[in-house]
Amino acid sequence: MPPLACRAQGAVQQAASITPNFKDADITQIVQAVAAATGKSFILDPRVRAQVTMYSSAPMSPPAFYQAFLSILEVYGFIAVPAGKNIEKIVPDADARQMPSIDLPSHVSSTSDEIVTQVIAVKNVSAAELVPILRPMIPQYGHLAAYPPSNILIISDRASNVHRMMDIIQRIDQIGNQDVDVMPLQNASAADVVRTINSLYQGGANMQEGRALKVVADERSNSILISGDPAQRLRIKALVAELDTPLESGGNTQVVYLHYADSSKLAPKLKEQMAELAQMSAGDTTAAGKNPQAAAEKNALVWADTQNNALVITAPPKVMRTILDIVEKLDRRRPEVLVQAIVAEINVSKTDDLGINWAAFSQTGHVPLGGFVSPVGGTNIVDLIAAAKSGSAGLGNAASLLTGTTIGVGTLSAAGTSFGAMIRALRSNGDTNIVSTPSAVTMDNQAATLKVVEEVPFVTGQYSSQAGITSGTVTPFQTVQQQEVGTILKVTPTISAEGNAVMLKLDVENSSVLTGASTSLTGDPTTEKRSIATNVLIENGGIVVLGGLISNEQDRNHESVPFLGSIPIIGLLFKTRNDSATRDNLMIFIKPTILRDQSEAAYQTGQSYNYIRGQEASMPPEQFPQLLRGEPVPHLPPMPPPPPPGTLSAPSPLAPSAPQQKPKAKAPPPTGQASPAQASPGQQAAPGNAAAKPNSGAAPQNGGNP
């Protein structure tokens, strides 16, 4: 009769299914149950100790029960190593590398937890490069190594994980597609596009993809050759198609039409910029020959078409974008500045002459008896007697003798003694009020000159020769130079970065020919000139005084006979007096107004235009009929309407990128009415008020000029 244990084992083997349930059972009890169910023998390492809990609600077959046992060993850090026929050794998994396992099986189960060792041949990729990728997925007790000469991988781990590694390696180890796509380019340069793509895919993050993908440029046909994975080639082809889009003007040559800048002045500056860019890219002349990009930048061209005010630029795309950005920022509408100047001159002069002349003399050769002779107002008793002896002809030749009040008494005797006396009084008052209001409109940083002058001849030299002698009379040859006399305004405005102030470089000159001075070629005229040259900073619409001259001069000239001139009443016979007083006042004022768009310029123009029309309408009607019948009287036409606000406006320095708030165009005053600037002659706007309304355009008051 067989032992009891053998009978129990046979009964278990004959059982159709097993439903294991253990709670805190010693692992040795689990091993006994597995041995009884599967008929295997187990040898336990002394280090195998664990309390196992396992619940199962469904019956399982002995092979399934054995797989569940292997899973229990994995959870608790043990492995079952085959040691012979139906003999298994249970040891800690730390010894798995040194223990034999199921080596090189023909099939590796995807669900078993048995320790297997498999050798995998890698065909298309490097086995050594797969090790760092797969190593994190192998447990610490597992083994993964590469043998580069044979390009194989050795993996030792549980069967389920080895099966997983084999699937991953199979997916990675794909045969590369050796097809090559050729893409001819129509607009872009093949070398530039390849350089851009290689820059995009270089680096550690794209190392694998960069090696699998290859992009080459064929400069002869301007085509790009692409090889690699089909998905990668498709992505690169889409990228190349995007880069091969035509530019707005097409090609590497563009024609840029300028709106405000001068092409002839801008082209040399751009040439210097392009030369600097080429030098920065090349580094030196030797590098320029080795670097195609530097050579292309060095050969960039730009020239100006003055007839169309356009620039023709040929350059690589990088340089082209830089040049176009520069042109766009320089070719902008610059604001204009209305500069109004006031040159006010007030002169007051007074002169008083009072005196008595007397003389007693003989016309028969006797010595004169005596007299008191002193010029009074440029005339004395001797001049008056000589004119009287000449009769009316003498008085006509000396018209200045009787200027003022002159009373003469006396007698003229041809054989005896003559006597004459004269009393003369003269007062002259002179007032001069000269106001010049030159104004000029110029662009920012652009010089302007306004002249209201007369050409006065000045003799600069003369000489004579034998050819100039006619009948003993010498006719000299004279050289004459015309000199400008009048009001000259030279101004160069510069608007500040904030846009609310103007720096002016000014040169104001006011000259005139003195009254009574000669203007013939035989004598040079005498001119009077007042000028000022300065640099000032004024807020928009403000008024500032540039300079001035205030002089007050008084002269007293008394002539008398000593002692006799001091006697009361009688002393008047021995005294002449001449008193004069002169006051000169000269002031120069300046007012700038910034005109940012056409509406502001139209408003300023409308003020002056309508002022002239008002002056024209205020002329008195003709009292007599015209001699020329049918000829209409010329009149200024009405002012056309101003353009809408913001048309061709200049950018604001405060916010270059933001749209500006343009002031509304102000309606000009009606025809025949003076503008607000002329409504109150002699009153000037305060600088603060002018600055508060920069678009008011109130012209400086000048007594009748706009």
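Reader: Why does Ile 567 count as partly exposed?

Author: Ile 567 counts as partly exposed because its relative accessibility is 36%, and that class lies between buried, under 20% relative accessible area, and exposed, over 50%, with a 1.4 Å probe and protein chains only. The model is predicted, so local features need pLDDT of at least 70 and side-chain atom pairs count only at pLDDT 80 or more, while totals for chains, interfaces and linings use all residues. Residues are numbered from 1 along each chain as its sequence is written, and side-chain values use heavy atoms, leaving out hydrogens and water.

Ile 567 sits in the loop between strand S27 (544-560) and strand S28 (575-595); strands here are DSSP runs of E with at least two residues, and helices are runs of H or I with at least four, numbered from the N terminus. Together with Leu 564, Ile 569, Ile 570 and Leu 573, Ile 567 makes a nonpolar surface patch of about 450 Å². The areas come from the Shrake-Rupley method with a 1.4 Å probe, and for residues only the protein chains shown count as cover.

Strand S13 (residues 253-257) pairs with S15 in the antiparallel sense over 5 bridges, where pairing asks for at least two bridges found by DSSP, and Tyr 257 has Ala 310 as its bridge partner in S15. Strand S14 (residues 301-305) also runs antiparallel to S15, joined by 5 bridges, and Ala 304 stands opposite Leu 311 of S15. The hairpin of S14 and S15 has 4 residues between the strands, and in it Asn 309 takes a positive phi near 50 degrees.

Elsewhere, 3 strands form an open sheet of mixed pairing in the order S2-S5-S4. Its edge strands, each pairing on one side only, are S2 (41-44) and S4 (78-84). S2 and strand S5 (residues 87-92) pair in the parallel sense over 4 bridges, with Ser 41 opposite Ile 87 in S5.

How values were computed: Patch = residues over 30% accessible without salt bridge, like charges linked within 9 Å, V, L, I, M, F, W, Y side chains within 5 Å. Salt bridge = Lys/Arg side-chain N within 4 Å of Asp/Glu carboxyl O.
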